[in-house]
Amino acid sequence: MLKIKDLNAYYGKSHALWDINLEAKENQITALVGRNGMGKTTTLKCIMGLIGNKTGSITLKGESIDKKQPYEIAKFGVSYVPDNLGIFPTLTVEENILLASHLSKQKGAWDLEAVYALFPKLEQLKNSKGGHLSGGEKKMLSIGRALAANPKLILIDEPTEGLAPLIVQTLAEALKKIKDVGITILMTDQNINFVKHIADYAYIIEEGRIKHKGTIEEIKKSPEVVLKYLSV
Ligand SMILES: Nc1ncnc2c1ncn2[C@@H]1O[C@H](COP(=O)(O)OP(=O)(O)OP(=O)(O)O)[C@@H](O)[C@H]1O
Ligand SMILES: [Mg+2]
């Protein structure tokens, strides 16, 4: 689905990503795992066309997207759930979802009802303003908005950051359901405690470079990874 080859990215003179090679296979959950400041968000932003200064190639289903504008990449079927969530605080939950749906060029199964079926909590909150939601509810809304665009690939930046265990569990189940209906997922996380339950394949990023990669089973067997990223 998504193939990244030799991606380098820069913020001014600072070299943030070094020769990143990464693939997100169709109908799989791929995780990009790394601690603070290692380059996870920058990688997702590069895919979404939000970093101007980069080299290397990014293809989606064989078509090059690395020279495209963010709105064109979205039209190609990529949805982005940023870590700051990007929801509209003054619109209601329902308006937030409907707006994402109207703005998308792709039509498909993910209408309002489908989003509410995945996250019943959002239906209960449909008349609440986006800005009044809890952290977990905002996360659900942000994912719901991304789905309403009917993407092929969804990029989710740190879905579990700062959330209570019960909500983390709800999100894990939701992500598995999203995968089961045929949407490819690329997500990031700070450690592999959550990822190991849901991802098929993982990449470990350190200081802008991929240090390890493998299936979750393989990754869990690497002593260095266990020491650094499987912390409790
Ligand atoms: N707008 C920016 N301008 C300059 N440097 C930046 C900018 N955004 C990120 N960086 C730097 O690029 C590197 C990678 O940052 P990035 O945000 O991709 O990391 P991350 O893995 O997403 O971290 P976090 O877990 O904190 O979200 C860091 O050294 C960071 O300081
Ligand atoms: Mg980040």
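User: Happy to start with the open space: what volume does the largest pocket have?
Analyst: This is a predicted model, in which local features need pLDDT of at least 70, side-chain atom pairs count only at pLDDT 80 or more, and totals for linings use all residues. A pocket here is an open set of points on a 1 Å grid over the protein atoms alone, where a 1.4 Å probe fits, with protein on both sides within 12 Å along at least five of seven lines. Taking the space filled by probe spheres set on the points, the largest pocket comes to about 580 Å³.

User: Good! Which residues are closest to the centre of the largest pocket?
Analyst: Residues are numbered from 1 along each chain as its sequence is written. The lining (residues with an atom within 4 Å of a point) holds 25 residues. The closest to the centre are A74, V78, S79, R145 and A149.

User: Which elements give two or more residues to that lining?
Analyst: Helices are DSSP runs of H or I with at least four residues, and strands are runs of E with at least two. By that count, the elements are α2 (70-75), β6 (78-81), α3 (93-103) and α6 (135-148).

User: Turning to ligand 1, how much of its accessible area does the protein cover?
Analyst: Polar contacts are pairs of N or O atoms within 3.5 Å. An oxygen atom of ligand 1 lies 2.8 Å from a polar side-chain atom of N36, and a ligand oxygen is 3.0 Å from a polar backbone atom of G39. With areas from the Shrake-Rupley method and a 1.4 Å probe, the ligand has 630 Å² on its own, and the protein covers 58%.

Note on methods. Chains lettered and ligands numbered in written order. Heavy atoms only, no water. Polar contact = N/O pair within 3.5 Å; in protein donor to acceptor, adjacent residues only side chain to side chain.
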